[in-house]
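Please read the following report alongside the sequence and the coordinates. It starts from a single residue and then widens to other parts of the model.

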Amino acid sequence: MIRADRPWSKSADQQQTGTVANTEAQVSARPSLSVMAGGAKLECAAAGAWTAVHASELEALIDGVAENLGAQTASIDMHKVEAFDTYGAWLLERLIRERRAQGGETSIVALPEHYRDLFKAMLDSVFKAPPAPARENPLIAGVQKVGKAMVGVGYDLMAIANMLGAIGAATGRVLARPQTFRLTSAVHHLDRVGLQAVPIIVLITFLIGGIIAQQGFFHFRKFGAEVYVVDMLGILILREIGVLIVSIMVAGRSGSSYTAELGSMKMREEIDALRTMGLDPIEVLVLPRVIALVLALTMLTFLGSMAALYGGGLVAWFYGGMSPDIFIARLKEAISLTQFKVGMIKAPFMALVIGVVACAQGFAVKGSAESLGLQTTASVVKSIFLVIVLDGLFAVFFASIDM
Amino acid sequence: MNEATVIRVSDLVVGFGDTTVLDHVSVGVKRGEIFGFVGGSGSGKSVLLRSIIGLLPIRGGTIEVLGTNLSHAEEEQRRATERRWGILFQQGALFSSLSVLQNVQFPMREYLELSNRLMREMAEAKLDMVGLRPEDWNKLPSELSGGMIKRVALARALALDPELVFLDEPTSGLDPISAGDFDELIRTLQGTLELTVFMITHDLESLYTVCDRIGVLADGKVVASGPIAAMLASEHPWVKAYFRGRRADVRARRLAQPAS
């Protein structure tokens, strides 16, 4: 007699002669399957709870028995089993199947009446395992991954170009019939991405202006060039930092929310519903959002640049000891309208990039929550990347036209 | 363990803000029966279900499931009870980032210590039981049809061999043939697995074919309960309209003249 809680012994004589009565198993309701010698035919007695809770214990037991009985004919007496569920039923069925594969027949005796249907249901269930995915050569898989990523980049660019084109076409249609423009929606989004973003944008650019000024004074002081801090501050903020910081902030704040909104609308088939009602999702959803973003980002760039200059001026006053009068006079000399224009011209283009990428990614969302998260991340990463690339291209452009 | 009443709800009061959705509701479900629950849209059927399974706070009354008073149960006791029931949500509520097989394995992975092989086999057995074809086992929920989602959700509800299953509109959104198949599936599984089923439904066909007893919720109260014959005899206006309205007419007349 072999107990459930003892590892199955492989010695042949124990298998044939072990007959110690098992009283504990009946009390503790742990599953057991004992083997008794019965001449040509092996007799096994099952007891305890053959249920989900004891499934792993039972599995070890079953595997042990299957391995050791070999090709002999056996019968399993089930009348002492106290509880039986699909887990127990399947493991019993698995024992029979495994033994059949080895050439041994197994019969089930005295299975309590009310468990028979359950066991029969298990017996009928056909285990057609789905074809396992073929193992690939890791090297080929690696190369494949790179290739797929490159193709993916191509598709991404196409999706972005597609969206840009669709927005252009929609703008054309709206210009032809201005009454179709969703003004309410545009104003609503302008409030969300513009007005509501003002406090955080102003705060961050204010701090960055202050930090740049502080660093300028700290390092320029070493060679007595403190006056030029104002030049650096003015040019840097108006040309580059203002628009760049605001664009990155807006990409993270509003671009991501555009992608998530459009993505979940896509998931719930709202976009399909719009389309079937004869409305163009680009015109209804995308155009107001992008136009709001273009207006908002331009205004925010202006506010952000001013806040940064203000922060720089305060630091110059309190840390650098430069009075506001001198700071303003110096600023007037150092910068021209050109610097201001360079920054402001870039802003709407940055907004367009962010809006187009965010909307394209939103439309690329598929059914799952995971895909929504993935596309939102991709939207932020790509739009920040493209904003910086675009900024570089603008630098080249403005340098070549002497601005 | 063999208490005759599996769910005992007494004087349950649930509300949101100023509105009281359930006003002193009492329901009892016996072991081994399929209890169907009907009520108009917005009558609070889903609220009742969600209160029983502990997703909504209750204002008064007691809820006893599988012999445990859930309002006063310790965390551990609660979990032990939760392990013994399975829930089929109306929209399936499958985890969208897991495949069909992983969805069914999820409760097993959390609650049982099984070998990977046994877990796979059990999940396959459950999916096979609910009639999902093997080629769909590795798909994601977004790639499934509505009927398949219900089947997978049922397989997941049955993953741990529960004693009690809650079904929230199991046949809604299915065509009559699929709905009929699903009813039959529930009946078969209930027979083989000795389940107790608490089912919210709008489907008259289900009420006639699978439910042993029916409870009707109207105006925040249970206005009628009993087998289908009792429903047909009820004089409550809503029950009358529901079971003897135009849509129910054909069915009721057929029942009134048996096998002639």
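## An aspartate and its contacts

Leaving aside neighbours within four places in sequence, D85(A) is in contact with T51(A), A52(A) and D161(B), where contact means that the C-beta atoms of two residues, placed from the backbone, lie within 7 Å. D85(A) is found in the loop between β3 (74-84) and α4 (86-102) of chain A, with helices (H or I, at least four residues) and strands (E, at least two) taken as DSSP runs numbered from the N terminus. T51(A) and D85(A) are 34 residues apart in sequence, while their C-alpha atoms are 5.3 Å apart in space.

D85(A) counts as buried because it has 21 C-beta neighbours inside 10 Å; a residue is buried if 20 or more other C-beta atoms lie within 10 Å of its own, exposed if 12 or fewer, and partly exposed in between.

## Basis of the model

This is a predicted model, in which local features need pLDDT of at least 70 and side-chain atom pairs count only at pLDDT 80 or more, whereas totals for chains, interfaces and linings use all residues. Residues are numbered from 1 along each chain as its sequence is written, and chains are lettered from A and ligands numbered from 1 in the order in which they are written.

## Chain A and a helix pair

Chain A holds 14 helices and 4 strands, and buried residues make up 37% of its 403 residues. Of the contacts in chain A with a separation of 6 or more, 81% are between residues 24 or more positions apart.

The axes of α9 (residues 228-267) and α14 (residues 369-400) of chain A come within 8 Å and cross at roughly 145°, the axes being lines fitted to C-alpha atoms over the stretch in contact, with angles running from 0 to 180 degrees between N-to-C directions. Residues of α9(A) that include L244(A), G252(A) and M267(A) meet residues of α14(A) that include L372(A), S383(A) and D391(A). The residues of this contact divide into 9 nonpolar, 11 polar and 1 charged, where Ala, Val, Leu, Ile, Met, Phe, Trp, Tyr, Cys and Pro count as nonpolar, Asp, Glu, Lys and Arg as charged, and the others, Gly among them, as polar.

## Where the chains meet

In the contact between the chains, 24 residues of chain B are paired with 23 residues of chain A. On the side of chain B that touches chain A, α4(B) gives the most, with 7 residues, and the residues of that side divide into 11 nonpolar, 7 polar and 6 charged.
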